[in-house]
Amino acid sequence: MARTMASDCVADELTSASAAAEHLVAGCLIDGPAGRVGLEIEAHCYDLADPSRRPGWDELTAAISDLPPLPGGSLVTVEPGGAVELSGPPMSDPTTAISAMASDRAVLRTAFKQAGLGVVLLGADPLRPSERVNPGARYHAMEQFFHASQTGTAGAAMMTSTASIQVNVEAGPRTMWADRVRLAHALGPTMIAISANSPVLGGSFTGWQSTRQRVWSQLDSARCGPILGESGDDPASDWARYALRAPVMLVHSPDPVPVVEWVPFADWADGRVLLGDRRPTMADLDYHLTTLFPPVRPRGFLEVRYLDSVPDAIWPAVVFTLATLLDDPGASDTAAEATESVATAWDRAAQVGLRDRRLHAAALRCVQAAAERAPGDLEESMGLLMRSVEQGRSPADDFADRAVRYGIAGAVTQLAQGEL
């Protein structure tokens, strides 16, 4: 659970970077059995009558307030650019999590359609320029930070024009932490290639299958790069080093204020630099962690953040594949072997997807391993994903074909109206 900000509480003040590191190591991974899965799905929101217009904050919050109870228990939030996110509670297994999220997605789509809005699962907004509609002070301050750090364009696109599916899995038993975190990273390029679904951004083809991943790669690696150290044998310590070296983005005084100079959190904790005329508290450290966006983020559990948002027909199979490759021992062994040669091919995967011979081979083995373990309820979705991978096609290829045939606006309109 998020902690209440307590920046004025002297008793909670951090005395050193070492104290901060101890806090991070102690809490970033929780020892326990694997198996539970939580899902978060972001979808771009469009005006069905005019898809080039970005619905405003009041429209979106009104539509959300009119939603009936969601049967799967998801929370509904609005991202900076107006994308709508469903965040499901952790479930006992991936199949249960998928079923709950699918039921919530169905309710959301129906209710939004009645309000004249469509929700589209794409990794990047292919039609509209970047624009923030969420008035939250955090997002205003983030805009200022990215502008000051010379990444304003990428930062704006990341906040307002990208959408993902996040798969949350347990850290697992302590003895397996290193292997699980290493595998979660090693799977990244292959799963990016499988799920790539953002060939167009802001009205133009980009030449990348996953423009979403491309946007993230243009932000500073100290905040958005992988957390693993050289060996990956101690992921908790790796996370502590990563978090303490990362520059502070925002300081609450009491509203969030951007830090426009490069100040690693360790320097603030050790008193080498004072931000807001004070040293940090534990609450500042916890908030700092929410401004770090690595592809795999330890939060007690593992938050896997590298998947593009993909269509309803295949996201259940994509989610089941990733969760199974991480949690099923036999599938994990297969995945570790299959992805060894492409474990660091992040940019290659984002640019060409399954057109790369090695990524295609790894994807075939990984999806086949998951398909062999899929329950009957997922047979159709797994079949669609398997056939797509066999053909060397990512969802990006399907959207690109649609956009070429009907135009970008026409393609978006079809998807917003629920046309397959």
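1. Some terms come before the details. Ala, Val, Leu, Ile, Met, Phe, Trp, Tyr, Cys and Pro count as nonpolar, Asp, Glu, Lys and Arg as charged, and the others, Gly among them, as polar. This is a predicted model, in which local features need pLDDT of at least 70 and side-chain atom pairs count only at pLDDT 80 or more, while totals for chains, interfaces and linings use all residues. Residues are numbered from 1 along each chain as its sequence is written, and side-chain values use heavy atoms, with hydrogens and water left out.

2. Cavities. On a 1 Å grid over the protein atoms alone, a cavity is a set of points where a 1.4 Å probe fits but cannot get out, and a pocket is an open set with protein on both sides within 12 Å along at least five of seven lines; lining residues have an atom within 4 Å of a point. Grid points are joined across faces, edges and corners, and a volume is the space filled by probe spheres set on the points. Over the whole structure, two cavities of 30 Å³ or more are found.

3. The second largest cavity holds about 40 Å³ of space. Its lining consists of V248, L250, V251, H252, F265, W268, D284, Y287 and H288. Two or more of these residues come from each of β8 (250–252), α11 (265–269) and α12 (282–289); helices (H or I, at least four residues) and strands (E, at least two) are DSSP runs, numbered from the N terminus. By class, the lining has six nonpolar, two polar and one charged residues.

4. The largest cavity has about 50 Å³ of space. Around this cavity are L39, G72, S74, G88, P89, M91, A97, A100, M101 and D104. Helix α3 contributes the most to this lining, with four residues. The classes are six nonpolar, three polar and one charged.

5. The second largest pocket contains about 860 Å³ of space. Of the 30 residues that line this pocket, P311, D312, L415, E419 and L420 lie nearest its centre. At least two lining residues come from each of α3 (94–114), β4, α17 (379–390), α18 and α19 (408–416). The lining divides into 17 nonpolar, five polar and eight charged residues.

6. Nonpolar cores. Buried means under 20% relative accessible area, exposed over 50%, partly exposed in between (1.4 Å probe, protein chains only). A nonpolar core is a set of buried Ala, Val, Leu, Ile, Met, Phe, Trp, Tyr and Cys residues joined through side-chain atoms within 4.5 Å. The largest core has 103 residues, and F112, L187, Y306 and W315 have the most contacts inside it. Helix α13 (residues 315–327) gives the largest share of this core, nine residues. A second, separate core has 17 residues, including Y139, F145, F146 and A154.

7. Two residues of interest here are W315 and L326. Apart from residues up to four places away in sequence, W315 touches L39, I41, I98, M101, A102, R105, L121, I165 and V310; contact means heavy atoms within 4.5 Å. L326 lies in helix α13 and counts as buried because its relative accessibility is 4%. With the same exclusion of residues up to four places away, the contacts of L326 are V169, R180, L183, A184, L187, V304 and S332.

8. Helix α5 (residues 152–161) is mostly covered, with seven of its ten residues buried. The buried ones are A154, G155, A157, M158, M159, T160 and S161. Their cover includes β1 (37–47), α4 (137–148), β6 (200–201) and α8 (211–217).

9. Salt bridges. A salt bridge is a side-chain nitrogen of Lys or Arg within 4 Å of a carboxyl oxygen of Asp or Glu. The whole structure has 26 salt bridges. In one of them R128 pairs with D125, the closest N and O atoms being 2.8 Å apart. Both R128 and D125 are buried. D125 sits in the loop between β4 (117–120) and α4; leaving aside neighbours within four places in sequence, D125 is in contact with H44, Y46, R54, S161, V200, L201 and G202.

10. Two further pairs. D397 and R355 form a salt bridge (2.9 Å, N to O). This pair links distant parts of the chain, 42 residues apart, with D397 in helix α18 (residues 395–406) and R355 in the loop between α15 (346–352) and α16 (357–371). R299 and E303 also meet in a salt bridge (2.9 Å, N to O), and R297, R299, E303 and R305 are linked in a network of salt bridges.
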